[in-house]
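Dear colleague,

Please find below the structure that I am handing over to you. I would be grateful if you could look through it before reading my notes.

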Amino acid sequence: MHSATAAEISGGRLIAFWYGGSREGASDVALYSSVYSLAQNDWSPERVVVTREFAQKHLRRSLRKLGNPVVGRDSKGRLCLYFVSVSVGGWAGSAVNRMVSEDEGETWSPPRRLVASPFFNISTLVKGAPLLFSDGAVGLPVYHELLGKFGELLRLDAEGHAIGKTRLSWGRSSLQPVIVARSDKEAVGFMRYAGDPPNRILMLRTGDGGVHWNPPAKTALPNPNAAIGSVLLSGGPLLLAFNNAEENREDLSLALSQDFGNTWRIVHRFEGGAGSAQAPVPEYSYPWIMQDRAGDVHVLYTWGRSRIKHVRFNRVWLEGRP
Amino acid sequence: MNSANATLGLLGCGLASLAAVATAIRLRRLPVRARYAVMLAAALAAFVPIGELSIAAYVRGATGDLSAATLVLAGAACFTQVTGRALIGHRDKQALCWLLALAAAFLYPFALGWTRFDPYALGFGSVEFITALLLMTLAAWRARLNLVVLVVVVAALAYLLGAYESRNLWDYLIDPLVSVYALVRLLAPRTVFRQPTNQSP
């Protein structure tokens, strides 16, 4: 199992999604979900939300496999689940689909295909959380992997159609954008880096509500060609969950910035420290980080390519970190 | 609307499949009754599900929804193969192929993310793009290039009606299949694409 995503839902709960199957890219891979009670601190048994056959039937086209899910809300407050599917080839042949739930994830609409590329509409994937524009449109960070590797921000209307997009990066070395907005105008983005060393997390900024973005620049934080998670906590610091190494995913850490990404300090190591349990495959990746309404922070990530791990902490703990 | 989009997409992919089969087997060389029989059989094969999906759905999985240019050329190819009569003149088709090749050269390299410039984004209702397309269409109309005008009109109507899942005008005008066809046609020796005779065998 791999690539967890989560959102807070009514009743003091979180709902998480991930994909799982016999191996990555296998035809038996399905999207699963589980619900977490914030009060009782436990997760419900997992249940299947989307299978390849279900998606194929409703999209009325052949599908080979399913991939990354991402969950968020639209301007009507509905839960929207975006997920990757592939009809032909590998991940470079991906497209993104969207399902909507009116009842907090109990039931879902049939999937609808997003069209984001003129090249057979392939090579579009998701990893970062969607955000809302001030006009109600949804901003969905996506990336492409066909020949180039680059990120874009799609604009989706209420029906989930792509109605515009802005290029976040270009070339062959940046993917999986994660965007964090601080106001209607100002946002910062982070991207996984797949280019020549030194391997560093890429960062980009906008000051005009996402109309223009400055070119991605390398930060001081390492990146072993791995996904990143980020969240701006209410009233202050920016958090980044990332693999704190240039070559492998054995160290998963938490960094904090008090100046919206200009400087960082490492405040915690989730995995890779002395004494932490080691998975058979020592790989801890694809972090998803979010804050619930009560202020607690939740981090979900792939543990050893076999489990999804959930870590919860509060502001008191965070502020007590050296 | 999702279902209507899917149905139209499947019809387009099925039509393109029929045109490919009819052209590949040179249907017009068969007796007239055999042509209709083959087309009927091919249509059944394309649209009737085998197992979970139809052949059209497999094609759609690989190609996505096909543009007006592909559908107009596919429809004309089917007509020609069944009736033995050419619908599209050489000059008309050459002009369309040149325009498709130029559009593909403008659109696809940039769509692969080589630069910050993204012409595909212009298809989301850019005034500049629509104005350029209108001027090009008027020029084609003055030059009596009716095929070009037909393709643009069909694409514009389909875009305005939201016929497909896409809300990008480019997707209604052009796709990679017809771009490859146009390039091959422009680059290949002329004899490969000679017009069929009007005589039935």
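Predicted model: local features only at pLDDT ≥ 70, side-chain atom pairs only at ≥ 80, totals over all residues.

Domains of chain A

Chain A is divided into two parts: domain 1 spans residues 1–129 and domain 2 spans residues 168–322. Taken over C-alpha atoms, the centres of domain 1 and domain 2 of chain A are 21 Å apart. To the contact between them, domain 1 of chain A contributes 13 residues, and domain 2 of chain A contributes 19 residues.

On the side of domain 1 of chain A that touches domain 2 of chain A, strand S1 (2–9) and strand S2 (13–20) of chain A each supply at least two residues. S1(A) gives the most to that side, namely six residues. Sorted by class, this side of domain 1 of chain A holds seven nonpolar, four polar and two charged residues.

Nonpolar cores

The largest nonpolar core has 88 residues. Within this core, the residues with the most contacts are A:Ala4, A:Ala6, A:Ala16, A:Val96 and A:Tyr301. Strand S7 (residues 79–86) of chain A provides the largest share of the core, seven residues. Domain 1 and domain 2 of chain A are each represented in this core by at least three residues.

Apart from this core lies another, of 54 residues, which includes B:Ala22, B:Leu100, B:Tyr172 and B:Leu177.

Leaving aside residues up to four places away in sequence, A:Val96 touches A:Tyr82, A:Val84, A:Leu114, A:Ala116, A:Thr124, A:Leu125, A:Val126 and A:Val142.

With kind regards

Note on methods
Residues numbered from 1 in each chain as written. Chains lettered and ligands numbered in written order. Domains from an automatic or database assignment. Contact = placed C-beta atoms within 7 Å. Helix = DSSP H or I, 4+ residues; strand = E, 2+ residues; numbered from the N terminus. Nonpolar A, V, L, I, M, F, W, Y, C, P; charged D, E, K, R; others polar. Core = buried A, V, L, I, M, F, W, Y, C linked by C-beta atoms within 7 Å. Buried ≥ 20, exposed ≤ 12 C-beta atoms within 10 Å, placed from the backbone.
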